[in-house]
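Dear colleague,

I am handing over the structure below, and I would be glad if you could read the notes after it with the coordinates open beside you.

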Amino acid sequence: FIDFQEEKASSYLAGKLGISEGEVILKVSRVLSADGRPAIYCEDYFDKKLIREAYTMKDFELPIFHFIKKCCYLEAHLDLTQLRAALVDEKLSNHLNLEIGSPILNMEEVDYDLYGNIVFYSSQYFVGEFFEQTVLRKKL
């Protein structure tokens with residue numbers, strides 16, 4: 001499943017993208033599979049002003065970083081990601097074939113270019129049976 005649409009940025013999305021509420025953004029929604037089964041539901045958001053080339057559905061079949069390089073002339077060099085537990089809602093249930101109310105891992109990330117400018121914001125939901133998360137923490 002791949003879909004994209006233009007919409008106006010909500011207050012929340014505007015804050016994540018560093019733009020004003022109501023500005024035009026591009027939302028790309030995708031379901032990625034593992035062994036033919038839905039494993040990740042992802043929504044990527046872009047400030048429409050960063051997109052410099054025309055794009056088609058085919059541009060979103062590869063990892064989103066190809067679109068960023070090809071159509072925005074940018075590269076994401078680092079991201080700040082927040083991991084949290086969430087509950088499956090009706091939309092996630094439809095895309096991932098999970099029971100409404102079941103737990104799921106949500107990762108919200110903001111990606112930045114080499115100069116610290118925001119490139120895009122992403123919200124991803126991971127089906128637990130396909131992923132294991134490991135965190136290394138070091139005190140300085």
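This is a predicted model: local features need pLDDT of at least 70, side-chain atom pairs count only at pLDDT 80 or more; totals for chains, interfaces and linings use all residues.

Residues are numbered from 1 along each chain as its sequence is written, and side-chain values use heavy atoms, with hydrogens and water left out.

The chain has 3 helices and 6 strands, where helices (H or I, at least four residues) and strands (E, at least two) are DSSP runs numbered from the N terminus. Along the sequence they come in the pattern β-α-β-β-α-β-α-β-β. The radius of gyration is 16 Å, close to the 14 Å that the globule rule gives for 140 residues, so the chain is as compact as a globular protein of that length; the radius is taken over C-alpha atoms, and the rule is 2.2 Å times the number of residues to the power 0.38. Taken along the principal axes, the C-alpha atoms fill a box of roughly 45 × 40 × 30 Å.

Of the 140 residues, 38% count as buried, which here means under 20% relative accessible area, with exposed meaning over 50% and partly exposed in between (1.4 Å probe, protein chains only). Among contacts (heavy atoms within 4.5 Å) between residues at least 6 apart in sequence, 50% join residues at least 24 apart.

Strand β3, residues 37–47, is mostly covered, with 9 of its 11 residues buried. Two strands are said to pair if DSSP finds at least two bridges between them, and β3 pairs with β2 (residues 24–34) in the antiparallel sense over 10 bridges, Ile25 standing opposite Asp47 in β3. Strand β3 also pairs in the antiparallel sense with β6 (residues 118–126), over 6 bridges, and there Glu43 has Ser123 of β6 as its bridge partner.

Where does Asp35 lie? Asp35 is placed in the loop between β2 and β3, two strands that form a hairpin with 2 residues between them, and in this turn Asp35 has a positive phi of about 55°. At 78% relative accessibility, Asp35 counts as exposed. The C-alpha atoms of Asp35 and Ala14, which are 21 residues apart along the chain, are separated by 36 Å.

With best regards
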